[in-house]
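Me: Hi! Could you walk me through this structure? I'm new to it.

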Amino acid sequence: MENNDRRQTVRQQIIALLRNENLTVRDLSQAVSIQEKDVFEHLAHIDMSLKSHGEKLTGKPYICLDCGFEFNQRKKYNRPGRCPQCKNSHLQPAVYHIP
Ligand SMILES: [Zn+2]
């Protein structure tokens, strides 16, 4: 288990990275050496704390590479399983950014 200090540090690192560039969850997991599922957890918290400061986590959604469906309506931070339109799971990863 990670302790709270380490979590805070990782979260600050992720915020700093996203202020500089557009990154996927994979990029972030490699940059701060945590698992992708933990990155999603951090993103959800970062989104909430940015909103409380009048800022926003933006970026591009997951996109289906087979039919072009954009996963725009997603409120949750996780990896979609399949495209609801064509049922394929060949997805272009979402990109995150803090403008
Ligand atoms: Zn599709």
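**Around Asp-66**

Me: Which residues is Asp-66 in contact with, leaving aside neighbours within four places in sequence?
Reply: Asp-66 is in contact with Cys-86, Asn-88 and His-90, once its neighbours within four places in sequence are set aside. Contact here means heavy atoms within 4.5 Å. Keep in mind that this is a predicted model, where local features need pLDDT of at least 70, side-chain atom pairs count only at pLDDT 80 or more, and totals for chains, interfaces and linings use all residues. Residues are numbered from 1 along each chain as its sequence is written, and side-chain values use heavy atoms, with hydrogens and water left out.

Me: Where is the place of Asp-66?
Reply: Asp-66 lies in the loop between β3 (63-64) and β4 (91-92). Strands (E, at least two residues) and helices (H or I, at least four) are DSSP runs, numbered from the N terminus.

Me: Why does Asp-66 count as partly exposed?
Reply: Because its relative accessibility is 44%. Buried means under 20% relative accessible area, exposed over 50%, and partly exposed in between (1.4 Å probe, protein chains only).

Me: OK, new topic. What coordinates the zinc ion?
Reply: Cys-64, Cys-67, Cys-83 and Cys-86 coordinate the zinc ion through their SG atoms, at 2.3 to 2.4 Å. Donors are N, O and S atoms within 2.8 Å of the metal (3.2 Å for Na, K and Ca); water is not among the atoms, so sites may look incomplete. Along the chain, the donors follow the spacing C-x2-C-x15-C-x2-C.

Me: Is Cys-64 buried or exposed?
Reply: Cys-64 counts as buried, because its relative accessibility is 2%. Cys-67 is partly exposed, with a relative accessible area of 34%.

Me: And what about the largest nonpolar core, how many residues has it?
Reply: The largest nonpolar core has 23 residues, and those with the most contacts inside it are Ile-14, Leu-18, Leu-43 and Tyr-96. Such a core is a set of buried Ala, Val, Leu, Ile, Met, Phe, Trp, Tyr and Cys residues joined through side-chain atoms within 4.5 Å. α1 (4-20), α2 (25-32) and α3 (36-52) each supply at least two residues of this core, and the largest share, five residues, comes from α3.

Me: What does Ile-14 touch?
Reply: Not counting residues up to four places away in sequence, Ile-14 touches Leu-28, Val-32, Ile-34, His-42, Leu-43 and Ile-46.
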